[in-house]
Amino acid sequence: MQTEFSERNIFLDGDDESVNLPIKVERLFEDQLQNWKLAFDGYQSLTKVQKKLFEFDDFSIEAHYNPGRIISSSAKVDAKSINERPCFLCVKNLPADQKAIKVIGNYILLVNPFPIFHKHFTIPTTKHVPQLIKQEFENLLLISSKIGSGFSVFYNGPKCGASAPDHLHFQAGNYGFMNIDNEYENILNKYGEIVYSDGELITSVVTGCLRNFITVESNDISKLKSEFEKIYNVLGGDKTAEEPMLNVISTYNNSWRVLIFPRTKHRPSYFFGEGKNKILISPAAVDLGGVLIFPREEDFDKITIQLVVDIFKQVTFTNEEFRNISDKLKIR
Ligand SMILES: [Zn+2]
């Protein structure tokens, strides 16, 4: 079939179906670091990331000063700006040295040259279609199981941190990097409440650990799909044409664990501050996962535990609002 790929072969040699995805992912990563300077420099720069750790009751939040993320964090995502820029996820606009591997369906996997994770990938479709999760949730799960337990696969809604809201994509990063990866069990024990369980699927709400969220665990993909629809609708997805604001993190280790972070705001007030009052932060899945990314040093220097609390408070539901959501999730 002739596609836009005929313009140049973006696929890494040896991208054959018989090789497992995690192996191909490692090969792509190694190849790109050897043959693409931008990627090499990007991952080199991770060694200079400065960190602050904020400890709470049974969980922690890290702040990272990562200057490589300036473009993504400050991305203009209004319709006019989006229309006026060439889409950086469309195959025809990819840098000459960038290679890809096929994942499933139209999804391809690319090394992210401006990383947060030690291994950070972008997983766009080859079609330029808007960033929307509803019809793509199953693909998120399939990608998650195919890439395996070494990676978290995540989704940022078009108004929740996606820097390309006009081009459907997921991302993946090495598992264990986000604080929530390793704190999940403790968080669930202390702050979680099961709102639904049928023996094969468990849905819990997690309230009181700075960002209230919903988690679903199951190894049954069709049950996960219908449970996600239920949650989507409870968050208001059945009432408007627009997607409810959310971030999703999926991990797979014999079964899926899906964390859904409902959002109330795209960016906190600090983002819009002037001069010294500005803090450039644009929370997305990684931030909700416990790693707040600051691309400017002056902002990182200012960060205190109070600011961390307030940033989360501003972009997620209050405990009271969240109780409303969990009450609705209990009705079956
Ligand atoms: Zn595009």
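How many bridges pair strand 11 (residues 246-252) with strand 12, and in which sense? Strand 11 and strand 12 pair over seven bridges in the antiparallel sense. The legends below describe a predicted model, in which local features need pLDDT of at least 70 and side-chain atom pairs count only at pLDDT 80 or more, while totals for chains, interfaces and linings use all residues. Residues are numbered from 1 along each chain as its sequence is written, and side-chain values use heavy atoms, with hydrogens and water left out.

**View 1**
Ten strands make up an open sheet with antiparallel pairing, in the order 3-4-5-7-6-11-12-10-9-8. Because strand 3 (101-102) and strand 8 (192-197) each have a single partner strand, they stand at the edges, and one side of each has no neighbour in the sheet. Strands are DSSP runs of E with at least two residues, helices are runs of H or I with at least four, and both are numbered from the N terminus. Two strands count as paired if DSSP finds at least two bridges between them. Helix 1 (residues 21-35) lies across strand 3, strand 4 (108-111), strand 5 and strand 6, and runs at about 35° to strand 4. Axes for such angles are lines fitted to C-alpha atoms, for helices over the stretch in contact, and the angles run from 0 to 180 degrees between N-to-C directions.

**View 1. Strand 12 and its two partners.**
In strand 12 (residues 256-262), seven of seven residues are buried; buried means under 20% relative accessible area, exposed over 50%, and partly exposed in between (1.4 Å probe, protein chains only). Trp256, Val258, Ile260 and Pro262 point one way from the strand, and Arg257, Leu259 and Phe261 point the other way. Strand 11 and strand 12 form a hairpin with three residues between them, and asparagine 254 in the turn has a positive phi of about 70°. Strand 10 (residues 213-218) also pairs with strand 12, in the antiparallel sense over five bridges, and here valine 216 has valine 258 as its bridge partner.

**View 2. Strand 9 against strand 10.**
Six bridges pair strand 9 (residues 201-206) with strand 10 in the antiparallel sense. Leucine 201 stands opposite serine 218 in strand 10. The loop between strand 9 and strand 10 holds leucine 210, a residue other than glycine with a positive phi near 75°.

Strand 7 is mostly covered, with six of its six residues buried. Strand 5 pairs with strand 7 in the antiparallel sense over five bridges, with phenylalanine 121 opposite alanine 172. Strand 6 runs antiparallel to strand 7 and is joined to it by four bridges, with phenylalanine 154 opposite glutamine 171.

**View 3. The zinc site.**
Cys87 (SG), Cys90 (SG), His128 (ND1) and His167 (ND1) coordinate the zinc ion at 2.0 to 2.3 Å. Donors are N, O and S atoms within 2.8 Å of the metal (3.2 Å for Na, K and Ca); water is not among the atoms, so sites may look incomplete. The arrangement is tetrahedral because the four donor atoms subtend angles of 100 to 121°, the criterion for four donors being that all angles lie between 85 and 135 degrees. The donors follow the spacing C-x2-C-x37-H-x38-H along the chain. Histidine 128 is partly exposed, at 42% relative accessibility, whereas histidine 167 is buried, at 0%.

**View 4. The nonpolar cores.**
A nonpolar core is a set of buried Ala, Val, Leu, Ile, Met, Phe, Trp, Tyr and Cys residues joined through side-chain atoms within 4.5 Å. The largest one has 49 residues, of which Leu109, Ile123, Ile133, Phe137, Phe170, Val248 and Ile260 touch the most other members. Helix 7 (residues 221-237) supplies the largest share of this core, six residues. Another core, of 37 residues, lies apart from it and includes Phe59, Met178, Ala285 and Leu292. Leaving aside neighbours within four places in sequence, phenylalanine 137 is in contact with Leu224, Lys225, Phe228, Val248 and Val258, where contact means heavy atoms within 4.5 Å.

**View 5. Lysine 146 in helix 5.**
Lysine 146 belongs to helix 5 and is partly exposed, with a relative accessible area of 38%. Beyond its neighbours within four places in sequence, lysine 146 is in contact with Leu21, Pro22, Val103 and Ile104.

Key:
Four donors count as tetrahedral if all angles lie between 85 and 135 degrees; four count as square planar and six as octahedral if opposite donors are over 155 degrees apart and all others between 65 and 115; anything else is irregular.
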